[in-house]
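Good morning, and thank you for coming.

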Amino acid sequence: MIPSMQSLFARHRAFAMVAVLAVVALIGACKESLDSGVACGAAKTLCPGQNVEIRDTVISPSLEFDSTYVGFPTRGAEFLLPLVSVTDTVQTVVVVRFDSLSTFYLPALDTARPIIYVDSSRIRLRIDLTRAQVPDSIRIDLYDVDNGTADDTASAPVLARLKPQFRIGGGTFAKAQIVDSLYVSLKDSAMLAHVRDTMPVTRARLRIGITVSGKGPISFRAGSVESGAPINLFFRPANDTAARALVQSPASAGPSDRADIRRDLMDYMLVVKNTLPTLPGTMSLGGVPGRRVYLRFNLPRRIIDSTTIIRATLRLNQVSYPFGGAGDTIIIHPHVVLASDNVPDNRRASTLIGVTGLVLTDSMAVFPRESGLRTLELYPLVREWASQAALKNPPARAVVLTAGNEGSLPRIAAFYSATASAALRPSVRITYIPKITFGAP
Amino acid sequence: MMRTSWQYRLIAAAGVCVWALALPSAARAQGSLGTLGLGYPLGGQSARSLGTGASLADLDPQTPINPAAIVLNSRAQVYGQYEPEFRTVTIAGVGTKTTTSRFPLFMLTGRQGRATFAISFSSFMDRTWVNTYADTQTVGSERLASTVLTQSIGGISEGRAAMSWSFSDNIHVGFGLHVYPGDNRVSVGRIFADSARAGNFQNTNGYSFTGTAISFGTLLVPGKHFVVASDLRLGGSLTMRLGDSLTVGKGSIPLRYGVSASYDGIPGALLIARFGGEKWSDLRGLGSSTLGLKDGTDMSVGTEIVGPRISGAPVLLRAGYRSRGLPFTYGSSAVTETSSSGGVGIPLIGGRAVFDVGVVHASRTAVGIAEKSWLISVGFGIRP
């Protein structure tokens, strides 16, 4: 430091300290800290005008229309295959195709030999007991459902073969045996006949229909190709105890020109019987085959497009459905419809939907036999609709409701539809902030 | 060792400061948060004026209140100011501290013959705050827990072009043209604890302000040791718009008046007193109809004492006390602000530059609410 500056500071130490204090204070103020929210929390009168008006309204009618569509998931797309039997009401059959049976086997240290003998024929079911109903004992019947045609995709010929003369296996099982894997015996003679079948169409193929029956409602699910736990076929190809059993996986040879359908038909479910009633003036979802509901909304654009939506609650009035146990539940999920109005087929549109949890995260659990007001929160989607208003082809302002485990549980939930009276039809309760002046003191 | 005269004056000034700083707690002043309504009225006071409790407002050339006062600038000057405020609001024993940084004043002055000119830009009202607090909100049929997020940034500024004319060494008059541009962005939002049932939101409105006013001032030297100055501002319209088009309020720039008198008969000391007022009710029409407005008076006393010299130029020590009415009521109660202040003016480069520091301790209180504020004002002026 130069001498003159030293003497200057020596003489004016007090003012140097003032300057230092000022600099320290200014540095301390460089980082602003503006939040005085604690004071507002303690005395809201200190913070007037720091809120906005929130309005609440119930819009009814809120739907342009609603539709219930049946047949979900599509045939062959089942993740789990429902085996259902409810006396005089619902009966399903699970069909699994083995269209590529082995006709040769390979003994140890030997060359391949044609199969001329089989024993220990059986299938293995991987069972899912989630929400299952299993009485003390159940009977499982296996039918030969191959009607002998080449590219058979029709259901009726399959259902026509669920008769005693086509029964090729089965058994009765105690409840305790119905666990994660269940082996069901198959007649060895039937198995051998199919292995040795040399007819051009039916050569080396076996198509099995599986049904369940027993005292009381039965409902459980078997794994499928889609779930990675398909029904497999086992048989021992020789009268030699040292011969290892062959394992056959599902395979479909037809239709030859549609690989996608061939894949679907490796295993699938058909409804043999369904006499559940359709309640007039209602929409319903769940059941076997699965139903889903398409809701097209007609909400006032002056609210949806030009306000801030805080909450949008879909209010549905449930109708007691006369089927199922008192403890049965259905989980209902709302889905975003991705199809625009350029898809006029609403059934098709009801398949063009977002996955569960996309935009809409709410769900509800209902007891089918109960009734009353049920709600689903839709605000994230309603906000999306507002932001999509400027799009050339925005998605339809619609929601699809599906049942959890769709198409695999015989449970149906019904709600009053848009055609019901004003007090019962669906409505939407919207809480919103209008575009008004706020922030002025 | 004999004490020098400035050392005695320093001790005296320190005594004034201690007396002044002790006043707020003794005065049991009433007040509330300064950011109510359209914001805190900074008043365009320079660091020098703040150091004297704003008693110098009509006599200080760097304070854009009295257009005649710019004549006191001996030559051209550029002046800027930085002014952080450290505020503590205490309610039921719970205190909240905030820090607000401001650059509230910038001024250019120059002289040509008997005329002196100045243009300045200052903060008229500062409406900057952030509040975050827990609250419940009825949404549909339920009350949901939420966190409120509110924020206001901006305020109203004041631009002034002023001219003073010196009829003689003892008589000076001034005239000012004022414009009041403003921008204030207010955000209101909520974050709900249960995001499955209600959607968070944050809405922002941007307000703009435009206003005009004219002002007159005098600066008279009636006697050897007396100076008397006065100012009068006549407000024009003040318009508040949402965005840049929708008019949401119309009022007027408040009428302002003030008289300052100084006495320098005591060697090395200047004693000042000021009385003024603002007709804040002229703002009626801006904001809601329930916005509480109260006309306020502004009284202050202060002193400026010559201290030691640096490079031949004197250091100035300042102290003051001020009591004024704030424009916006807390409920139906008027709000007053009392403040004690001190400051120092340090000449640099042989007087060609000045470094002013003003420290203000303000107190605003209301029923159950106490607000204390430290305001540090640092001004720097260059006379090329």
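Predicted model: local features only at pLDDT ≥ 70, side-chain atom pairs only at ≥ 80, totals over all residues.

I begin with the largest nonpolar core, which holds 41 residues; among these, A:Leu125, A:Ile140, A:Ile208 and A:Ile210 touch the most other members. A nonpolar core here is a set of buried Ala, Val, Leu, Ile, Met, Phe, Trp, Tyr and Cys residues joined through side-chain atoms within 4.5 Å; buried means under 20% relative accessible area, exposed over 50%, and partly exposed in between, with a 1.4 Å probe and protein chains only. The largest share of this core, four residues, is given by E11(A). In soluble globular proteins, nonpolar side chains tend to be buried together.

Side-chain values use heavy atoms, without hydrogens and water, residues are numbered from 1 along each chain as its sequence is written, and chains are lettered from A and ligands numbered from 1 in the order in which they are written.

What does A:Leu125 contact, leaving aside its neighbours within four places in sequence? Its partners are A:Leu83, A:Ile140, A:Asp180, A:Ser181, A:Leu182, A:Val184, A:Ile210 and A:Ile231, where contact means heavy atoms within 4.5 Å.

Next, helix H5 of chain A, residues 188–195, in which A:Ala190, A:Met191, A:His194 and A:Val195 are buried. They lie on the same side of H5(A), because they cover an arc of only 135° around the axis; the arc is that of the directions from the helix axis to the C-beta atoms. An α-helix has 3.6 residues a turn, so residues three or four places apart point the same way. The cover over the buried residues of H5(A) includes strands E7 (119–133), E8 (137–144), E9 (167–174), E11 (206–214) and E13 (232–236) of chain A. Helices (H or I, at least four residues) and strands (E, at least two) are DSSP runs, numbered from the N terminus.

I turn to chain B, which has two helices and 20 strands. Of its 384 residues, 55% count as buried.

On a 1 Å grid over the protein atoms alone, a cavity is a set of points where a 1.4 Å probe fits but cannot get out, and lining residues have an atom within 4 Å of a point. Grid points are joined across faces, edges and corners, and a volume is the space filled by probe spheres set on the points.

The largest cavity contains about 170 Å³ of space. Of the 19 residues that line it, B:Arg256, B:Glu278, B:Asp298, B:Arg322 and B:Arg324 lie nearest its centre. E15(B) gives the most to this lining, with four residues.

The second largest cavity contains about 140 Å³ of space. Its lining has 16 residues, and B:Tyr40, B:Leu42, B:Leu50, B:Arg322 and B:Leu375 lie nearest the centre. Three residues, the largest share of this lining, come from E18(B). Thank you for your attention.

Definitions and conventions
1 Å grid on protein atoms, 1.4 Å probe; cavity = no way out; pocket = protein on both sides within 12 Å on 5 of 7 lines; lining within 4 Å.
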